[in-house]
Structure formats: structure tokens, C-alpha cells
Amino acid sequence: MRRKPIIALIYDFDGTLSPGNMQEFGFIQAVGQTPEEFWTKSDSIAIGQDASNILAYMKLMFDEAKRNDISLTREGFREFGKDIELYEGVKGWFKLINEYADSRGVKVEHYINSSGLKEIIEGSVIAKEFKHIFAGTFIYDEKGVAEWPGIAVDYTAKTQFLFKISKGIFSSRDSKMVNESSTDDEKRITFSNMIYFGDGETDIPCMKIVNMFGGHSIAVFDPHNEKKRAAAQKLLRQGRVRFISPANYTKDSRTYRLVCSIIDKIKADHELLRLSKYE
């Protein structure tokens, strides 16, 4: 049994760390549309074809970029990521939590589990804070230009990444190791040591799984949006999450106090389990 437990903080991105969808901070403007126009077109594709909403927006990005003579390269996506707006306190959040965890004798790792695009997130100012980014991506040709969806992450696909984080698997493609049976003692991070942050419907299966296995799920919401607040309260009433909190990540925020308390609990539970194994 590890003397120093590892705690995984797993974040959705859009609506959780950022107040908008990542496509809205550069790409949509580059193709001459408003966010409302783009998402209406995307929804129309999904509804008209009875298709995945994720694949629909990826196709629309591809089509609109081609129509506007924009080359979709990895570096191009990362450039769009530089302008992503973040909620208050996000930039300093990781250092705060890392320092608190260190003071409590535990290790924390940060992960992204997003239906957005990995390459855009990689261009954001916080990309370096994550142990791994699980998100959608394109397949690129020999010139580095996107030519087909490679990974589309919907609400069910998100759940597989929880199991990969638990087992220390950092390949989105892997479908063998993740399905191999293992005991809790063999897992790198148990579900009880996970804290999941999300804001909407695509996070509900992950929230429920984390809760089911003893972890902690938090629904965050835009503090200036009553509709988002009401949605988070509904998730709490339904038992989908254990906690709700405004999407403020400063040291004096409810989110910080909440996560520090969860870290304390995980540390205490780990010590009690360790002491129970006295021979």
C-alpha cells in the first residue's frame, strides 16, 4: 500500500474551467460566424443526420475551415487555444492545490476529460498543469493538416478515461489494458481518490461512476448565470453529484475550501486503512 496516496483531480473543460466553449475564443470568429450561428448549424447536422453532436461539430469545423481557406493544423489549433478565457482563479489554482496537498503529505495530479479538442487545450496557458489531457482530436496528414476525426469524446466515451486514469494508462487508443481485471491495491489511483469537476450533461455518467465507487464529484456553475446555478442544484438534488460550487478557483473560494476538505478526508481514510493492516 502506498504511504503517500495519489489524488486525481479530473476536470471537464468547457463550462468548468472556461465560461464558454473553446471554439468560441478564436475559431468561430475566424470563420466569420457568431457562436449562436455555429452551434445552430452543428445541432442541425446532428439532428438532421441523427448523428453524434461531437462528430457534428468536428465536421462543421472541418467544413467551415475549408470554406474559409483556413488550414487546420495542430499548431493552428494551439494558436486558438492561447485566447481561451478562464474562470477567476484558474491560472493560480493548480499551484494552490499542489502546495496544500504537499502540506498534507499527499500527491495530486490534474487531468482533463473533455468533449472538446485536445490540440486547442494544449495551446491554453494552463496546459502544462495536466498530467494528461483526454479529449477529442483529428487525424492529420503528412503535412500536419487535419483530414478526419480521430477521437470523438461523448458522455459515454468520457467514462473510459476514468478507468484509464485509475490504472495509469495514458493512451486514448488502448482498449486492452483498460479492460484487464485488477484489484484496488493494483490500481495506481483508486476511484475513492478521485475528485471530478463538471458542469453539464456530458459529465453525468462520470459523476455517477466516481460517486458509486466512493469518490467525490463537484458540479461547478457560472456564478453570474442563474440557469447554470439551477442546473447544478438539480444535479445535487438528484444525487448525481456530492457537491456544487461557483466556478471560482481563488484561495478564498468555496471551491478551494471544498477541495482542501476532500483532500483531508482522503488522507485520513488512507491512514486509517493503513493502520487497519497492522500485523
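**Close-up views of a predicted model**

**View 1. Buried residues of helix α3.** The buried residues of α3 are Ile54, Ala56, Tyr57, Met58, Leu60, Met61, Glu64 and Ala65. The structure shown is a predicted model. Helix α3 covers residues 53-67, 15 residues in total. From first C-alpha to last, α3 reaches 21 Å, close to the 21 Å expected at 1.5 Å a residue.

**View 2. The two ends of helix α3.** At the start of α3, serine 52 places a side-chain oxygen within 3.1 Å of the backbone nitrogen of isoleucine 54. Aspartate 69 follows α3 and has a positive phi, near 55°.

**View 3. The pair of tryptophan 93 and tyrosine 256.** The model has 17 aromatic pairs. One of them joins tryptophan 93 and tyrosine 256 edge-to-face, at 6.4 Å centre to centre and with 85° between the planes. Tryptophan 93 belongs to helix α5 (residues 90-103) and tyrosine 256 to helix α10 (residues 254-276), so the pair ties together parts that lie 163 residues apart in sequence. Tryptophan 93 is buried, at 0% relative accessible area, and tyrosine 256 also counts as buried, at 10%.

**View 4. The pair of phenylalanine 191 and phenylalanine 213.** The ring centres of phenylalanine 191 and phenylalanine 213 are 5.3 Å apart and the planes meet at 45°, so this pair is tilted. Phenylalanine 191 sits in the loop between α7 and β5, and phenylalanine 213 in the loop between α8 and β6, 22 residues apart. Phenylalanine 191 counts as buried at 7% relative accessibility, whereas phenylalanine 213 is partly exposed at 44%.

**View 5. An aromatic cluster.** Tyr11, Trp93, Phe94, Tyr100, Phe130, Phe197, Tyr249 and Tyr256 make up one aromatic cluster.

Conventions:
Residues numbered from 1 in each chain as written. Predicted model: local features only at pLDDT ≥ 70, side-chain atom pairs only at ≥ 80, totals over all residues. Heavy atoms only, no water. Helix = DSSP H or I, 4+ residues; strand = E, 2+ residues; numbered from the N terminus. Expected span 1.5 Å × (residues − 1). Buried < 20%, exposed > 50% of the residue type's maximum accessible area, 1.4 Å probe, protein only. Polar contact = N/O pair within 3.5 Å; in protein donor to acceptor, adjacent residues only side chain to side chain. Phe/Tyr/Trp six-rings, centres within 6.5 Å; stacked < 30°, edge-to-face > 60°.
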